Amino acid sequence: MPLDFIINLLSSPQLYLLIFIVITLKLSIIFVPQNEAWLVERFGKYRSTKEAGLNFLIPFIDSIGAKRSLKETAVDVPSQSAITKDNISLVVDGVLYFRVLDPYKATYGVDDYRFAVTQLAQTTMRSELGKMELDKTFEERDLLNANIVAAINTASDPWGVQVLRYEIKDIVPPSSVMEAMEAQMKAEREKRAQILESEGDRQSAINIAEGKKQAQVLAAEADKQEQILRAEGEASAILAVADAQAQALRTIGEAADTEQGQKAIQLELATKAIEAKKAIAKESSVVLLPEDSTSASSMVAQGLSIINLINKAQKNNSES
């Protein structure tokens with residue numbers, strides 16, 4: 001029974017009709033992925049561009065001519081030789097970043113847009129390097145990349161491709177140039193080291209001189225302060241001695257005004273006169289005395305007269 005059913009089903013025209021409908025739907029409905037564009041051809045001629053989402057075709061008439069990705073693409077640019085403005089041969093490689101803006105131009109404007117853009121990047125890079133000297137290729141790499149991108153975009157516009165950026169991965173000069181550059185770098189490093197060492201010595205000498213100068217200034221200030229303090233101390237001592245002497249003189253003068261003070265002064269003067277004569281007698285065997293000075297009483301009288309004159313002078317000065 002099942003075998004008869006299968007035979008009858010296969011011989012039924014409805015089955016073939018169902019299969020035809022399924023195949024037709026399969027060919028007429030397409031789902032385009034995001035960031036892609038599919039180009040539809042009708043009898044081999046461009047018909048339309050289908051964007052992301054659900055799209056419909058006429059079965060057996062329309063067909064997909066090409067599928068183009070609209071994403072940014074990175075392509076490795078092979079190493080190549082280039083000659084700089086100062087006739088130095090370099091080996092350069094890089095990476096090219098681009099994306100398709102117009103799928104129609106990228107499909108029908110050029111046979112292989114990836115190969116075309118890569119070759120254009122190589123030729124443009126050689127051209128731009130030929131305009132620069134060796135030192136500039138290392139110092140102005142960003143400018144070189146920008147010039148290459150601008151030149152490629154100008155030439156690739158008919159292909160519907162936009163170059164976003166170009167990055168040089170490596171620049172390899174000849175071995176002789178590398179040795180010369182290394183020697184130059186070594187000389188520069190030694191030069192900088194010597195300059196830094198001399199600057200350090202100079203700064204050290206300056207610091208030592210400044211330290212000595214400050215030490216001398218501080219020593220001079222200390223000596224000056226010491227002299228000032230010593231002078232102030234000596235002045236204070238002189239004033240103290242003078243005050244003491246003045247006080248002693250005032251005390252003596254006040255005592256001399258009294259009768260008892262006169263007697264004390266007479267006794268003191270007589271005692272000093274006798275002691276003076278003894279000292280003179282010790283120094284020499286011959287002693288000369290004035291006629292009116294043969295007695296101690298006459299010396300005392302002379303001393304008292306001198307004291308009276310001093311007291312009168314002090315009284316006159318105080319009254320005036």
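## Cores and a surface patch in a predicted model

The protein chain has nine helices and eight strands, and the model you're looking at is a predicted one. Of its 320 residues, buried ones make up 25%. As for solvent, the chain exposes about 22400 Å², with carbon and sulfur atoms supplying 58% of that. If you take the contacts between residues at least 6 apart in sequence, 63% of them join residues at least 24 apart.

Let's start inside. The largest nonpolar core holds 30 residues, and Leu 96, Phe 98 and Tyr 166 have the most contacts within it. Strands E6 (73–83), E7 (89–100) and E8 (161–172) each give two or more residues to this core, and so do helices H4 (113–129) and H6 (141–156). H4 gives the most, with seven residues. There's also a second, separate core of five residues, with Ile 30, Val 32, Trp 38 and Leu 57 among them.

What does Leu 96 touch, once its neighbours within four places in sequence are set aside? Its partners are Thr 73, Ala 74, Val 75, Val 77, Val 117, Ala 121, Ile 152, Val 163, Arg 165 and Tyr 166.

Now for Val 95, which sits in strand E7. Is Val 95 buried or exposed? Its relative accessible area is 15%, under the 20% cut-off, so Val 95 counts as buried. Skipping neighbours within four places in sequence again, Val 95 is in contact with Ala 74, Val 75, Asp 76, Val 77, Arg 165, Tyr 166, Glu 167 and Lys 169. Take Asp 76 from that list: Val 95 and Asp 76 are 19 residues apart in sequence, yet their C-alpha atoms are 4.7 Å apart in space.

Over on the surface, a nonpolar patch is formed by Leu 17, Ile 19, Phe 20, Ile 21, Ile 23, Leu 25, Leu 27, Phe 43, Ile 58, Phe 60 and Ile 61. Together these residues have about 1100 Å² of accessible area. One of them, Ile 23, is found in helix H2 (residues 13–28). Why is Ile 23 called partly exposed? Its relative accessibility is 42%, which falls between the 20% and 50% limits, so the label is partly exposed.

Here are the two valued residues side by side:

| Residue | Relative accessible area | Class |
|---|---|---|
| Val 95 | 15% | buried |
| Ile 23 | 42% | partly exposed |

Technical notes
Residues numbered from 1 in each chain as written. Predicted model: local features only at pLDDT ≥ 70, side-chain atom pairs only at ≥ 80, totals over all residues. Heavy atoms only, no water. Core = buried A, V, L, I, M, F, W, Y, C linked by side-chain atoms within 4.5 Å. Buried < 20%, exposed > 50% of the residue type's maximum accessible area, 1.4 Å probe, protein only. Helix = DSSP H or I, 4+ residues; strand = E, 2+ residues; numbered from the N terminus. Contact = heavy atoms within 4.5 Å. Patch = residues over 30% accessible without salt bridge, like charges linked within 9 Å, V, L, I, M, F, W, Y side chains within 5 Å. Areas by Shrake-Rupley, 256 points an atom, 1.4 Å probe, with all protein chains shown as cover. Salt bridge = Lys/Arg side-chain N within 4 Å of Asp/Glu carboxyl O.
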